[in-house]
Amino acid sequence: MSSNKQAEQIKEISGVNPLKCMKCGKCSASCPSYNEMDIKPHQFVSYVVNEDIESLVNSKSLWKCLSCFACVERCPRDVKPGKLIDAARQMVVRQREQDYLSPNEIPELLDPDLPQQLLVSAFRRYRR
Amino acid sequence: MQRLGVFVCHCGSNIAATVDVAKVAEMALMEPGVVHAEDYQYMCSEAGQAKIAEAIKEKNLTGIVVCSCSPRMHEATFRKAAERAGLNPYMVEIANIREHCSWIHKDMEEATKKAVILMRAAVAKVNLNTPLQPGESRVTKRALVIGGGIAGIQTALDIADAGYEVDIVEKTPSIGGRMSQLDKTFPTLDCSACILTPKMVEASAHEKINIYTYSEVEKVSGFVGDFTVDIRKKARHVDMDKCTGCGVCQEKCPSKKAPSEFNRGLNKRSAIYTPFAQAIPNVPVIDCDNCIKFKTGKCGICAKVCQAGAIDYEQQDEIVTQKYGAIVVATGFDTINLEKYDEYAYSQSPDVITSLELERVMNAAGPTHGHLERLSDGKAPKEIVFIQCVGSRCSDDRGKPYCSKICCMYTAKHAMLIRDKYPDVNVTVFYIDVRTPGKNFDEFYRRAVEQYGVNYIKGQVGKVILQPNGKLLVQGADLLDNRQILKEADMVVLATAIEPNPDVRKIATMLTASIDTNNFLTEAHAKLRPVESPTAGIFLSGVCQGPKDIPETVAQAGAAAVKAIGLLAKDKLLTNPCTAKSDELLCNGCSTCANVCPYGAITYEDKEVNDHGIREVRRLAVVNNALCQGCGACTVACPSGAMDLQGFSNRQIIAEVDAICR
Amino acid sequence: MQEIINRAKELLADGTVARVLGWKAGDLPYNPEPAYFENAEALSDFVYNGFCGANLSKYMIEASKLEGKTLVFLKPCDTYSFNQLIKEHRVDREKAYIIGVGCKGKLDIEKIKKAGIKGIESIEGAEISDAAETLKIQTIYGEKEMAYADAMLERCHVCKGKEHQVYDELIGESKETKDAELFAEVERIEAMSPEEKFAFFQNELSKCIRCNACRNACPACNCRKCVFDSTKFDSAQKANVDTFEEKMFHIIRAFHVAGRCTDCGECSRVCPQGIPLHLFNRKFIKDIDELYGEYQAGEDTESKAPLTNFTFDDAEPSIVGKRG
Amino acid sequence: MSIENKEFKPKIVAFCCNWCSYAGADLAGSSRLTYPADVKIIRVPCSCRVNPMFILRAFEKGADGVIMCGCHPGDCHYSTGNYYARRRMTLLFSMLDYIGVENGRTRVEWVSAAEGVKFSDTMNSFVEKIYSLGENVRLGDLRCKR
């Protein structure tokens, strides 16, 4: 998939318009796992704008993000960097064809103490 | 039948790019009454107007239609051109084929079809136009300035120097406004009080300026040249003539619990108080909510200690009604409410303060008598952190979308003053961009960095944590070095966004001045008429129109004064001739129209009328053309159509509707 | 009724009034007409019974211009219209001597005919002094009977009450006749689908022959020169069938009287084609009550009419869509 | 914007008050915000100048939609004009709905001089609504039976 298409897909999944970012750095300032990241939260936005999705997807930050959404909460231009990196993770998961969860698969996977919310968020992310 | 001329403007390529102007002119010739049609590159240019004048004379036209830009732009130009050529200026109609057609449609064929329809509507309307003569209305040679800050004072001084009477209405007990709360001012670092108090004294001493303090505007009626304003002088409970301003009452007053608004609530004041030492007028005010005498009926010490016998507990509010020719709004600004910004811990720790509170802390007359100390424990701070753009440039609903313009300069000023007075204190400023445009401004900021070693870090602060040991931990990011920063600070100063004075919306409604969603008053034209409101006779001075610093405020105050003087200098004003007119034969005299007239322009009289031979005395509506502003509410309320609006008559609008729907 | 005639004779005799405005017996037992009576002899054919539905307050506009006072008999619902005319300075209260006559509900001859009663010679039980329970109608086909309530005008079934709003004297007692909900009919139409509503009104209005009876009878419709007769609005005469005002006549008339119409029901009573014109006015009254607070035109002579008044938090026009 | 029946070109009349919505329309123009060409604007001094007879006239002469724009309540240049307009239009729309005209064909929108974007968005959404409602047959001839 061309980098342009990937960037479009990230924007579509996250519903974020990265052009609204004014590069204030508040997301990086609020990020608890900033130091473990190679690409910093405020750079997610510029990577998506420059459509350099390859390095974003292969970066360590992809899996360092705790999805605490502090950056989404505090961004003054409501650019939601957390959602962008979450969408980038989607791209990786979807590439390995495990991206569609169908209802009939659920019975075997279901064990009694599986939290209901996990199912709902799994469906929210991986439904067709 | 009218002899009409239609002139279609290319407006360079603005119109001609998407509208086939030749076709519009060609179609115009097919309209009833049109005897002349032409198109030209720039109708509003001298050459264009000459073409109009020539066509009027040559073909003795009785009316013209100009298909061009918005009438709000050049209607006056084309009316004057017609008048110079001997045609009544109100026989001119404009078809807006630029803003409403060429600029918003891409397809040439579609845009041309719409332009032709708009031209047809204008021709249909001008066919029914009648020549009108503007009336005259008198001008009261007196101006009102709402707001007693530097903007209001400067405007009042300039108007008074031109020889006109001016009244200043100030809500707080003294004039001086926001500037009186500042310590120093940029870029020259002179002391704010030193440059403000002479102007305040000059204003109070000026025989043409009359100052109402502790007063508010309550009702405004009338219109340009003839405003009638009710001013409510709130009861001070101190007789202004007798009081000598000795201040004994303030010392002796036992109730010291009220937070001092002037010091931003950082310290307390007595129930009977003057906001600050150099207050003008230097007459105290009793704050009834905190005065023991008013709450419980006991006490009354101030009356006892006052030698001048000026205390008067029974004093009541007083309404002063005054007529004015011009009104200048100078209501100033305040910092926004920071409760929603809990990530900066503003409401958790007293050491997190706004820049305006820092002004009071550093001011000699302030709560800490000028010593820079932490408000929690009074110790001298070693580490101070400034955070820029708090609440500004935010598109969420917590803050304001605009840049407040003055914060970068006053933060550089604060940093410089602190480093100068306390060299061992480290100052760090977290910024997104430092915006210091204009004369000597960037040099001022560079001095703070180069000469005083203020540490500027590019990156917003994410969170300020109040630590158990009382120090503040600031979590920020340094985007240039790509490092996250955890800095301990003794004091954090927030460069808070500013917003217009909250009750300006009430004043705007009274003045029918238009106001935008951020509560800034809308100017008549953003570039060409920045100090006037679209409502004639209302002028804007200072931050009520938009964020600006003191130099710009004083410049705009002077400009507003000149505009007001220009209005007051006229003895008569030309009034809008498009006013309502009642047809004597049809009027039922039922007073429905008088009920809806916002200006009270309609009165009734019994008049002898000859209605097709029947002579009888009838009760008829009479419109006072000086008062009527031509809104048209009465024409719709009148069932029989007796009341009609000249310039926008029922038949004209119906003709436009027919032309559009043909 | 004799009591009314005697009182009128007294007032004429002692000169308090110069003329009497009442009803004169028509050629048939069920069509009395409004008439002036200058002297006592003329009063002999004065009549006041169940068929005197005409609202005399509109005639007072002309009567106010005549010399001396005019005695006028007003039913309770007529007095609302008189108050409204006072508010709009169309009548002169001093030139009118008002006697509030009792009312037991007025009759609608169309309903009697629709009940199959033809060839009417005389009707008993319609006098004001009668109990107004049943009507005995002598016809050429024998005697017929009909309940008074079934023959009553639609407006009397939703009567606003029997107190007179303005009067100098009161004569005769009244009888409550309200037995239906005021807005029932309007709500029934509102509940229809847009297609049904349009079909209902197209069917009703297509019967209209533009005779202007409704306009001439309506006390609120009192312009010296109606907008449909003047050149002010480019709304041409009634002859042109396809012009603008032909189609919208009833809607515009309803709009002009909105907030001023006292719901006296005259428009529907006088319409020769039997179109229920009151449905338009009553719809506006219902909207005004719902959106801007209960308002009964003619209850007083000072209050501002709803359409010449406003509050800061009036409903937005989009409420029409939401209300369904 | 869905334009299903290609040949159906709606006629839409917009009454704009000179001080606010007309200035809003100008701002939409100068900011080059597009909306369909079917909308034609008539300038009136204030929204209180719009007589219900104009709106009925527009419908009768073949308009498919009529929109009236004015200043936000409280911002009227003549202080109370739009309050009267608001009542008149509410009653008129209620009557039109009562006789069966789809109430999507009429609309009131308060647009200030600074709201160019709102003006173009309003026009776009209104025209789209009119396209979905199709041609206006109902008010063609209310009186004569088809």
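Here are legends for a set of close-up views of this predicted model.

A few ground rules first. Residues count from 1 along each chain as its sequence is written, chains take letters from A and ligands take numbers from 1 in the order in which they are written, and side-chain values use heavy atoms, with hydrogens and water left out. Because the model is predicted, local features need pLDDT of at least 70 and side-chain atom pairs count only at pLDDT 80 or more, while totals for chains, interfaces and linings use all residues.

**View 1. Chain C meets chain D.** Here 54 residues from chain C touch 37 residues from chain D, where contact means heavy atoms within 4.5 Å. The size of an interface is often given as the accessible area lost when the parts come together. For chains C and D that comes to about 4400 Å², with 67% from carbon and sulfur atoms. (Buried area is the accessible area, taken with a 1.4 Å probe, that two parts lose on being put together, summed over both.)

View 2. C:Lys197 and D:Asp97 make a salt bridge, with their closest N and O atoms 3.7 Å apart.

**View 3. Chain B meets chain C.** In this view, 23 residues of chain B are in contact with 19 residues of chain C. The two chains bury about 1800 Å² between them, 58% of it on carbon and sulfur atoms. B:Asn588, B:Pro639 and B:Arg651 together supply 29% of the area that chain B buries here, more than any other three residues. Between chains B and C there are zero salt bridges, but five residue pairs are in polar contact, both at pLDDT 80 or more. α18(B) gives the largest share of the chain B side, four residues. (Helices, H or I with at least four residues, and strands, E with at least two, are DSSP runs numbered from the N terminus.)

**View 4. Two cis peptide bonds in chain B.** Most residues other than glycine have a negative phi, and most peptide bonds are trans. The bond joining B:Phe186 and B:Pro187 is cis, with omega about -10°, and B:Pro187 sits in the loop between β8 (184–185) and β9 (190–191). Another cis bond joins B:Ile280 and B:Pro281, with omega about -5°. B:Pro281 belongs to the loop between β15 (272–273) and β16 (285–286).

**View 5. Positive phi at A:Ser67.** A:Ser67 isn't a glycine, yet its phi is positive, about 50°. You'll find A:Ser67 in the loop between α5 (61–64) and α6 (70–74) of chain A. A:Ser67 is partly exposed, with a relative accessible area of 31%. (Buried means under 20% relative accessible area, exposed over 50%, and partly exposed in between, using a 1.4 Å probe and protein chains only.)

Definitions and conventions: Salt bridge = Lys/Arg side-chain N within 4 Å of Asp/Glu carboxyl O. Polar contact = N/O pair within 3.5 Å; in protein donor to acceptor, adjacent residues only side chain to side chain.
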